[in-house]
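Visitor: Could you walk me through this one? I'd like to start with how the strands pair up.

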Amino acid sequence: MTLTVTPAADTAPSVVVDWGDGSSSNLGVVSAAQAATHAYTSAGSYGITATATDNGNAFSTVDRRHDVGPRPVFGVDIGVAQSNNPSYHRARHVYGDDQR
């Protein structure tokens with residue numbers, strides 16, 4: 001998940017992002033557009049809150065919901081056959097949560 005924080009003109013707030021899964025990112029003082037990234041470890045629906053606080057301790061909060069699905073599971077079959085040897089060599093690799 002990537003969240004981009006863009007402050008209003010002539011402001012430089014301090015920004016903290018709560019990712020909704022028990023972790024947060026303190027972006028510090030943001031004077032230009034800045035991206036924050038986060039990788040969720042499990043599927044679910046997460047409430048993300050970004051809070052910007054100015055020098056006078058006035059703050060603004062933005063809340064958004066982000067749904068994270070399970071990691072995709074996919075397989076790759078690789079086959080090799082030589083022209084002088086008709087035997088077929090096969091390897092199967094599976095990627096994702098289900099390592100079968």
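Guide: Two strands pair if DSSP finds at least two bridges between them, and strands (E, at least two residues) and helices (H or I, at least four residues) are DSSP runs numbered from the N terminus. This is a predicted model, in which local features need pLDDT of at least 70 and side-chain atom pairs count only at pLDDT 80 or more, while totals for chains, interfaces and linings use all residues. Residues are numbered from 1 along each chain as its sequence is written, and side-chain values use heavy atoms, with hydrogens and water left out.

Visitor: OK, and how many helices and strands does the protein chain have?

Guide: The protein chain has 0 helices and 8 strands, and its pattern along the sequence reads β-β-β-β-β-β-β-β.

Visitor: How many bridges join strand 2 to strand 5, and are they parallel or antiparallel?

Guide: Strand 2 and strand 5 run antiparallel and are joined by 5 bridges, with Val 17 standing opposite Ala 50 in strand 5. Strand 5 also pairs with strand 6, again in the antiparallel sense, over 10 bridges, and there Tyr 46 stands opposite His 66 in strand 6.

Visitor: What sits between strand 5 and strand 6 in that hairpin?

Guide: The hairpin has 5 residues between the strands, and Asn 57 takes a positive phi near 65 degrees.

Visitor: Switching topic, which residues make up the largest nonpolar core?

Guide: A nonpolar core here is a set of buried Ala, Val, Leu, Ile, Met, Phe, Trp, Tyr and Cys residues joined through side-chain atoms within 4.5 Å. The largest has 11 residues, namely Val 5, Val 15, Val 17, Trp 19, Leu 27, Val 30, Ala 36, Tyr 40, Tyr 46, Ile 48 and Ala 50.

Visitor: What does Ile 48 touch?

Guide: Counting contact as heavy atoms within 4.5 Å, and leaving out residues up to four places away in sequence, Ile 48 touches Met 1, Val 17, Asp 18, Trp 19, Tyr 40, Val 62, Asp 63, Arg 64 and His 66.

Visitor: And Val 30, is that buried or exposed?

Guide: Val 30 counts as buried because its relative accessible area is 0%, where buried means under 20%, exposed over 50% and partly exposed in between (1.4 Å probe, protein chains only). Val 30 lies in the loop between strand 3 (24-29) and strand 4 (34-37), and, neighbours within four places in sequence aside, is in contact with Val 5, Pro 7, Thr 11, Ala 12, Pro 13 and Val 15.

Visitor: Where is Ser 60 found, then?

Guide: Ser 60 is found in strand 6, and it counts as partly exposed because its relative accessibility is 44%.

Visitor: How much of the protein chain is buried overall?

Guide: Buried residues make up 17% of the 100 residues in the protein chain. Among contacts with a separation of 6 or more, 37% come from residues 24 or more positions apart.
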